[in-house]
Amino acid sequence: MSFRERHRMLDAGDVTLHVVEQGDGVPVVMCHGFPGLWYSWRRQLPALAEAGYRAIALDMRGYGRSSRPPSPRAYDRRHTVADLVGVLDALGIDEAVFAGHDFGAALVWDLPQWAPGRVKALMQLSVPRMPVSNRPPTELYARMAEQHFVHVYYFQEEGPADEELGAEPERFLANVFWALSGGYRYLDVWRHPSEGNGYLDVLPEAPPLPWPWLSRDEFAFYTDEFRRTGFTGGLNWYRAYDHVWNEKQNRPDEPVTVPTLFLVGERDPVLQMMGSDALEQMEAHVPGLRDVHVIEGAGHFVQMEAAGEVNEAMLAFLAGL
């Protein structure tokens with residue numbers, strides 16, 4: 001049975017959010033990262049729907065057809081948690097399973113604490129739960145950037161990255177998708193100095209499409225959207241890091257006790273940067289952790305690179321709730 005995609009524009013308070021739904025049943029809300037869109041979950045939507053779930057994928061604030069507030073402060077936890085609560089309220093949902101990838105995962109880790117009673121379970125991709133640093137993130141990234149090109153540091157200043165990426169969206173998207181995938185070793189980017197370099201100066205040139213996990217038509221969907229919107233909305237999630245850190249000084253993280261699944265590509269640069277012991281450390285912060293899947297050969301975009309394995313793991317986890 002095939003399920004039609006349902007596109008909706010939802011009033012979530014101070015923003016309007018674009019969501020795509022398929023199927024009916026227990027709701028599963030999926031939150032992408034950078035440089036993603038609702039479309040990053042295109043292989044999970046039908047799989048979840050066909051298994052009897054109400055699959056819901058968002059264009060997060062700043063992306064796609066959703067509102068794109070210009071101020072980085074509008075991307076702090078207060079606002080982004082309110083977005084997800086607003087989506088549930090607009091759709092008449094009391095409680096949902098949430099899935100997150102990249103900065104979407106970082107947000108979703110906070111949901112059980114920041115939106116109690118609205119989270120049934122978590123399915124997290126790429127970014128393990130880790131303790132909050134004792135210093136502001138930008139201070140840590142600035143120190144790292146003294147020796148390496150660190151994209152998060154480069155993204156902090158408003159203007160240069162927005163202009164560079166927006167001038168060549170096709171080239172940037174192809175190169176960053178490839179660099180973060182299992183086909184490349186992203187840490188080689190760190191060999192370049194920060195001084196005098198933009199992101200496109202240090203990223204590898206991607207091989208021609210199609211790739212096993214990304215067709216030309218799929219890639220065109222991303223380029224069409226980012227050519228229209230630019231990248232400032234997405235970059236503002238990075239520029240909000242210190243705002244989120246400040247919020248957490250007054251509201252320290254609590255253990256995540258809801259049932260949780262964690263999925264990561266073996267070659268994901270997030271895992272390579274944090275180290276394999278990050279998965280063991282996560283257990284102390286996530287007592288609700290039920291299973292961890294490290295998917296061989298996959299990189300950062302694991303839900304696209306290894307869609308079949310991700311879908312199988314998700315459905316097995318959901319069936320056990």
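1. Helices (H or I, at least four residues) and strands (E, at least two) are DSSP runs, numbered from the N terminus. With that numbering, P35 is found in the loop between β3 and α1 (45-50). A cis peptide bond joins F34 and P35, with omega about -10 degrees.

2. This is a predicted model: local features need pLDDT of at least 70, side-chain atom pairs count only at pLDDT 80 or more, and totals for chains, interfaces and linings use all residues. Residues are numbered from 1 along each chain as its sequence is written, and side-chain values use heavy atoms, with hydrogens and water left out.

3. A cis bond also runs from L209 to P210, where omega is near 5 degrees. P210 sits in the loop between α8 (199-202) and α9 (216-229).

4. Next, strand pairing (two strands pair if DSSP finds at least two bridges between them). Strand β1 (residues 6-11) pairs with β2 in the antiparallel sense, over six bridges. M9 has H18 of β2 as its bridge partner. The hairpin of β1 and β2 has four residues between the strands, and G13 there takes a positive phi near 105 degrees.

5. β2 is also antiparallel to strand β4 (residues 53-58), over four bridges. E21 is partnered by I56 of β4, and Q22 by A55 of β4. Strand β3 (residues 26-31) pairs with β4 in the parallel sense, over five bridges. There, V26 has Y53 as its bridge partner.

6. Now burial (buried means under 20% relative accessible area, exposed over 50%, partly exposed in between; 1.4 Å probe, protein chains only). Six of the seven residues of β2 (residues 16-22) are buried, so this strand is largely enclosed by the rest of the structure. In β4, six of the six residues are buried, so β4 is likewise largely enclosed. Both faces of β4 are covered: Y53, A55 and A57 are buried on one side, and R54, I56 and L58 on the other.

7. Two non-glycine residues deserve a look. D102 has a positive phi of about 60 degrees although it is not a glycine. D102 lies in the loop between β5 (96-101) and α3 (103-114). Its relative accessible area is 12%, so D102 counts as buried.

8. S126 is not a glycine either, yet its phi is positive, at about 80 degrees. S126 lies in the loop between β6 (119-125) and α4 (137-145). With a relative accessible area of 1%, S126 is buried.

9. E296 lies between β8 (289-295) and α14 (302-305). E296 counts as exposed because its relative accessibility is 71%.
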